[in-house]
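Subject: Structure handover and notes

Hello,

Here is the structure for you to look over. Please open it before you read my notes.

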Amino acid sequence: MWRGGSNTRTCKRRFFSSPTRSRHHRPPYICRLHSRGSQHLKAMAEVDHLAAERATARFDVEEMKVAWAGSRHAVHVADRMARLVASDPVFRKDNRTMLSRKELFKDTLRKAAHAWKRIVELRLTEEEADLLRQYVDQPGYVDLHWGMFVPAIKGQGTEEQQHKWLPLAYKFQIIGCYAQTELGHGSNVQGLETTATFDPKTDEFVIHSPTLTSSKWWPGGLGKASTHAVVYARLITEGKDYGIHGFIVQLRSLEDHSPLPGVTLGDIGGKFGSGAYNSMDNGVLRFDHVRIPRDQMLMRLSQVTREGKYVHSNVPKQLLYGTMVYVRQSIVADASKALSRAVCIAVRYSAVRKQFGSQDGGPETQVLNYKTQQSRLFPLLASAYAFRFVGDWLNWLYTDVTQKLEAKDFSTLQEAHACTAGLKAVTTSVTADAIEECRKLCGGHGYLNSSGLPELFAVYVPACTYEGDNVVLLLQVARILMKTVSQLASGKQPVGTMAYMGKVQYLMQCKSAVSSAEDWLNPDAIQEAFEARALRMAVNCAQNISQAASQEEAAGFYERSPDLLEAAVAHIQLIIVTKFIEKVHQEIPGHGVKEQLQALCNVYALYILHKHLGDFLATGCITPRQGALANEQLGKLYAQVRPNAVALVDAFNYTDHYLGSVLGRYDGDVYPALYEEAWKDPLNETVVPEGYHEYLRPLIKQQQLKLSRL
Ligand SMILES: CCCCCCCCCCCCCCCCCCCCCCCCCCC/C=C/C(=O)SCCNC(=O)CCNC(=O)[C@H](O)C(C)(C)COP(=O)(O)OP(=O)(O)OC[C@H]1O[C@@H](n2cnc3c(N)ncnc32)[C@H](O)[C@@H]1OP(=O)(O)O
Ligand SMILES: Cc1cc2nc3c(=O)[nH]c(=O)nc-3n(C[C@H](O)[C@H](O)[C@H](O)COP(=O)(O)OP(=O)(O)OC[C@H]3O[C@@H](n4cnc5c(N)ncnc54)[C@H](O)[C@@H]3O)c2cc1C
């Protein structure tokens with residue numbers, strides 16, 4: 001019912017038909033050395049500098065690829081799509097940071113058109129097409145068209161409306177975006193100002209932007225590409241404001257792309273970072289009494305009759321937010337992709353890079369051998385795996401809830417909201433910080449665009465804001481936690497991811513039994529500590545709110561919101577740890593694969609425990625000694641991960657094209673690649689820079705003249 005997106009793992013729909021289905025093989029690796037590169041650099045290029053690292057792996061990498069991707073089929077199809085993209089010159093992206101905004105936008109249009117052509121020619125399934133979109137790796141209007149416009153119509157449109165609009169969207173006969181946020185309001189959806197006033201005389205809605213702050217502001221694809229939008233506006237009929245509803249509005253002519261009468265449109269301007277999210281035309285939109293037929297209100301959840309009567313179906317009004325819930329769950333899956341890319345670059349480079357430790361001209365130390373490097377990097381590696389598995393679980397939950405909603409069972413709506421909002425917030429915040437940490441882990445070279453890390457960060461960091469600011473989303477989780485705590489007294493048993501709260505009597509007073517570092521390898525010990533910490537933090541908040549609430553409860557919530565934020569994070573971290581533990585409990589084929597995942601699961605849990613030690617101590621879940629033992633065990637786990645580190649990132653199965661990093665190259669041949677990249681910079685097109693004759697030469701000559709006069 002709120003369903004928008006499909007589960008791409010199972011969807012087999014093909015786009016159009018074509019007789020041929022070509023095969024794509026990975027082209028042999030060709031080292032593109034700059035013409036000025038010397039022969040010895042060329043000779044070095046065939047060497048696998050990471051071969052020794054790969055030889056120390058104690059597990060079957062091919063089977064780990066399956067564990068990471070989810071199935072053998074998933075490995076196969078992802079591999080095929082990644083190579084298809086990597087071998088096509090149109091999808092080149094190594095020059096992206098050097099393009100102007102206009103060039104970059106045109107490049108995005110070109111790539112999208114070419115991608116679509118290939119999808120149709122090769123008769124790709126929806127699953128394959130989406131993977132191709134991901135490997136092209138360039139934000140663009142297509143993301144919003146498929147990721148939000150189509151889902152909004154699917155989730156909120158009637159069958160008749162879906163029948164009319166979806167075929168047009170599926171064939172790109174119209175291009176749509178999701179126009180919700182305004183200049184004045186983003187987080188507070190109920191505060192939006194755009195109006196949709198029903199005119200019974202003409203059977204139309206009049207869409208209007210009454211103030212400057214009601215201008216739609218931010219929607220991706222709106223600025224230049226979209227012909228249509230799902231616009232969220234206040235529905236007014238019979239003189240009454242019925243709050244926010246969705247409407248399909250045509251914005252541009254399908255003949256010449258010019259804005260329709262009464263529509264003002266444009267791009268909102270350059271964004272953070274070179275290249276990066278600037279490929280996207282985030283837009284501004286104003287309406288001056290634009291008329292649309294009544295049947296362009298999305299009417300699945302509520303309707304306006306021909307006479308102008310408002311009718312609300314007997315469903316929760318929050319279903320209006322369904323598209324956001326869908327995208328939030330897909331953002332969690334994306335977090336593991338972005339994080340694993342950054343970690344792959346940092347691990348491979350740390351194995352190649354050597355500093356210090358040379359005695360008498362002997363070999364220097366790989367920086368990956370430094371314990372500090374390991375303690376910064378391996379938790380991020382473990383987090384990538386943790387987010388991958390919790391993302392899979394969330395996808396399952398979303399599908400399950402969607403099926404229940406179809407059957408008019410709304411009992412799991414709150415669970416879906418809390419999990420998608422909370423996991424979106426935690427995974428994106430951690431990933432954004434981790435990409436920056438990976439940049440630092442690569443030292444100076446990490447700061448070069450050719451490392452791929454600055455662009456990855458710039459593209460990724462808005463994920464902390466879009467689809468709901470992370471703090472706002474965590475406060476939603478906290479509200480649900482407080483509601484659940486307050487219901488415990490009445491004996492109502494919490495369900496789903498809140499079920500642990502039902503053990504309140506035990507968890508409020510239990511003491512960890514850990515007495516040695518090895519005891520922390522017991523998943524039950526970890527689970528109990530995390531459950532006790534999350535529950536005690538939530539209960540403490542609830543008590544503080546009720547004590548402070550000589551005032552209203554809302555005022556108490558407001559006062560305690562910083563603590564509530566931490567309680568929400570603790571609850572979400574518990575979910576991530578639990579799902580990782582559950583994953584490791586499953587049967588996992590392949591030599592050593594389960595053992596590696598077990599180690600990573602322990603790294604993840606104990607790292608979080610170490611990082612948030614204050615929470616665990618303050619709530620009395622563990623003692624300082626037990627905290628120290630956890631840290632001791634963490635050190636041992638890092639040593640266990642070390643010989644497997646490169647193989648663990650190989651299991652992500654990323655092509656060099658997708659990684660887009662000279663530091664993260666599969667063959668580890670970093671230095672010739674860095675050297676070559678430098679020469680490609682436009683500044684190096686001429687030996688003497690432009691501006692020399694205007695500014696440098698006169699300056700130097702002036703100084704020489706002055707000196708000669710002395
Ligand atoms: C170059 C390219 C080449 C490629 C070419 C390829 C071509 C072809 C490809 C073909 C591919 C085919 C296959 C495609 C597959 C799919 C692709 C997928 C792609 C995805 C990509 C996505 C990209 C993402 C880009 C990002 C874009 C960003 C978009 C946006 O940001 S949209 C705007 C988002 N805005 C927000 O999130 C606003 C946040 N605010 C809120 O959500 C709310 O205001 C609030 C929750 C904070 C508060 O709401 P409200 O005031 O109403 O509510 P409260 O009073 O707080 O609560 C009331 C009540 O309701 C409950 N509740 C709140 N929310 C929800 C909810 N969502 N669900 C359920 N319940 C909810 C709340 O708990 C309260 O409950 P109670 O009353 O207490 O019980
Ligand atoms: C790259 C990008 C793409 C986007 N794409 C789209 C799109 O396609 N369609 C669309 O409709 N929108 C889109 N958006 C808009 C996006 O959804 C909003 O920016 C987002 O929801 C945050 O809302 P805001 O900008 O109003 O932030 P604000 O709410 O103004 O946040 C400002 C600060 O206030 C804090 N804050 C706000 N409310 C509270 C509260 N109740 N308690 C405590 N702190 C609070 C926040 O934590 C934050 O620190 C996009 C945004 C970006 C950056």
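First, the conventions. Residues are numbered from 1 along each chain as its sequence is written, and chains are lettered from A and ligands numbered from 1 in the order in which they are written. This is a predicted model, so local features need pLDDT of at least 70, side-chain atom pairs count only at pLDDT 80 or more, and totals for chains, interfaces and linings use all residues.

**Domains**

The protein chain is assigned domain 1 (174-314) and domain 2 (323-498 + 513-650). Such bounds come from an automatic or database domain assignment. The centres of the two domains, taken over C-alpha atoms, are 37 Å apart. Their contact uses 8 residues of domain 1 and 9 residues of domain 2. Contact between two residues here means C-beta atoms, placed from the backbone, within 7 Å. On the side of domain 1 that touches domain 2, 4 residues are nonpolar, 4 are polar and none is charged. The classes: Ala, Val, Leu, Ile, Met, Phe, Trp, Tyr, Cys and Pro are nonpolar; Asp, Glu, Lys and Arg are charged; the others, Gly among them, are polar.

**UniProt annotations**

Two features come from an unreviewed UniProt entry. Positions follow the numbering used here, names are shortened, and annotations may be inferred rather than shown by experiment.

- "Acyl-coenzyme A oxidase N-terminal" is placed by UniProt at residues 60-175. That span is 72% helix and 0% strand, with its end C-alpha atoms 45 Å apart.
- "Acyl-CoA oxidase/dehydrogenase middle" covers residues 177-278 in the UniProt annotation. That span is 0% helix and 40% strand, and its end C-alpha atoms are 17 Å apart.

Helices (H or I, at least four residues) and strands (E, at least two) are DSSP runs, numbered from the N terminus.

**The core**

The largest nonpolar core has 198 residues. A core of this kind is a set of buried Ala, Val, Leu, Ile, Met, Phe, Trp, Tyr and Cys residues joined through C-beta atoms within 7 Å. Leu132, Ala342, Val343, Cys438, Val603 and Tyr604 touch the most other members. Helix α9 (residues 322-352) gives the most to this core, 18 residues. Domain 1 and domain 2 each contribute at least three residues to this core. Take Cys438: beyond residues up to four places away in sequence, Cys438 touches Ala342, Val343, Ile345, Ala346, Leu380 and Leu453.

**Ligand shells**

Ligand 1 is surrounded by 42 residues, and the closest are Ala115, Gly147, Gln318, Tyr321 and Gly468. A residue counts as near a molecule if its C-beta atom, placed from the backbone, lies within 6 Å of it. At least two shell residues come from each of α5 (101-121), α6 (126-136), α7 (141-156), α9, α11 (413-441) and α13. Helix α5 has the largest share, 6 residues. By class, the shell around ligand 1 has 18 nonpolar, 17 polar and 7 charged residues.

Ligand 2 is surrounded by 21 residues, and Gln180, Thr181, Gly186, Ser187 and Trp218 are the closest. Here β1 (176-179) and α13 (470-488) each supply at least two shell residues. The largest share, 3 residues, is from α13. The classes split into 11 nonpolar, 9 polar and 1 charged.

Domain 1 and domain 2 each give at least three residues to the shell around ligand 1. The shell around ligand 2 also draws at least three from each of them.

**Single residues**

His228 is in strand β5 (residues 228-237). Is His228 buried or exposed? His228 is buried, because 23 other C-beta atoms lie within 10 Å. The cut-offs are 20 or more such atoms for buried, 12 or fewer for exposed, and partly exposed in between, with C-beta atoms placed from the backbone. Leaving aside neighbours within four places in sequence, His228 contacts Ile174, Ile175, Gly176, Ile248, Val249, Gln250 and Leu251.

Most residues other than glycine have a negative phi. Two to check:

- Arg123 has a positive phi of about 50°. Arg123 is in the loop between α5 and α6, and is partly exposed, with 15 C-beta neighbours inside 10 Å.
- Lys408 has a positive phi of about 60°. Lys408 lies in the loop between α10 (371-406) and α11, and is exposed, with 9 other C-beta atoms within 10 Å.

Best wishes
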